Amino acid sequence: MTLTTRLAPRLSPRLLALALLPVLMAPPAVAQPLTPEQRGEVVEILREALKRDPSILRDAFGALEQAEQQDRAGAQREAIRAEAAALLRDPADPVKGNPQGDLTIVEFFDARCGYCKALHPTMQALLAEDRQLRVVMKDLPILGPASVVASRALLAAQRQGKYAALQDALMRLRGEPTEAALKAEAEKLGLDWPRLKRDMEDPAIQARLQRNVALAQALSIQGTPALVIGDTLVPGAVDLPTLRQLVGQARREARPG
């Protein structure tokens with residue numbers, strides 16, 4: 001019995017083509033091998049169906065893309081669970097919001113990233129309205145040497161209790177975080193600049209940045225900003241209503257039972 005005679009009584013030409021296209025496109029490692037006759041039959045079915053309805057191909061590729069996205073999201077959820085300790089419970093990480101909050105958001109950011117700067121006031125608004133949020137900051141300097149310098153300055157400022165204040169200043173900074181700009185912002189905040197400079201060169205700070213990069217790679221983070229909310233990775237800047245929705249969903253999923 002041929003593929004056509006097995007499936008045709010049950011499926012329209014369009015659905016038949018959509019059912020057979022993944023069979024033809026699947027990699028050999030996961031596809032059940034087709035005989036030359038079967039492969040020729042599949043090609044002929046698809047050729048005739050596409051003549052009648054060219055949108056079949058668009059729909060099929062859309063379905064494949066959706067399946068790939070679901071696979072990637074599933075893999076990212078597994079990675080988030082596997083890296084939970086590094087994400088949520090590293091005592092060296094800077095924390096904003098409520099240290100005892102009932103939900104933790106992890107924010108990967110680059111101090112020079114325009115999208116991170118756009119997200120910053122939204123995150124500030126979220127923290128202002130939701131007093132039960134804890135936000136772990138993960139400096140991820142991926143935009144060149146100036147980003148690394150800015151991240152080192154932030155982690156050095158943490159030692160003087162001014163991480164959040166300097167981060168806010170750098171997120172508002174319109175120019176590059178040059179040494180002169182960093183010095184000016186640090187001194188405005190009452191930071192000890194000579195001490196900050198010394199601490200920026202501490203190998204321990206560079207090691208922390210390297211751990212952040214390795215963690216981002218483990219989660220397949222492709223750029224900044226990136227948020228981890230519950231077991232969901234959120235790439236890019238999102239608006240306040242979306243953040244509220246994601247936070248609510250994470251809290252619901254975290255409830256026992």
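**Helix packing in a predicted model**

The model is predicted. Its chain has 257 residues, 39% of them buried, and contains twelve helices and five strands.

**Helix 6 and helix 12**
- The crossing of helix 6 past helix 12 is right-handed.
- Helix 6 contributes Thr-122, Met-123, Ala-125, Leu-126 and Glu-129 to the contact, and helix 12 contributes Leu-240, Leu-243, Arg-244 and Val-247.
- By class, the residues of this contact between helix 6 and helix 12 are six nonpolar, one polar and two charged.

**Helix 8**
- Helix 8 spans residues 163-172 and is mostly covered, with seven of its ten residues buried.
- Those buried residues are Tyr-163, Leu-166, Gln-167, Asp-168, Ala-169, Leu-170 and Met-171.
- On the helical side, the buried residues of helix 8 pack against helix 6 (114-129), helix 7 (145-158) and helix 9 (179-188).
- The buried residues of helix 8 also pack against strand 1 (95-97), strand 2 (103-109) and strand 3 (133-139).

**Chain as a whole**
- Of the contacts with a separation of 6 or more, 75% join residues 24 or more positions apart.
- The accessible surface of the chain is about 14100 Å², and carbon and sulfur atoms account for 55% of this surface.

Methods:
Residues numbered from 1 in each chain as written. Predicted model: local features only at pLDDT ≥ 70, side-chain atom pairs only at ≥ 80, totals over all residues. Heavy atoms only, no water. Buried < 20%, exposed > 50% of the residue type's maximum accessible area, 1.4 Å probe, protein only. Helix = DSSP H or I, 4+ residues; strand = E, 2+ residues; numbered from the N terminus. Contact = heavy atoms within 4.5 Å. Areas by Shrake-Rupley, 256 points an atom, 1.4 Å probe, with all protein chains shown as cover. Left-handed = near helix turned anticlockwise from the far one by under 90°. Nonpolar A, V, L, I, M, F, W, Y, C, P; charged D, E, K, R; others polar.
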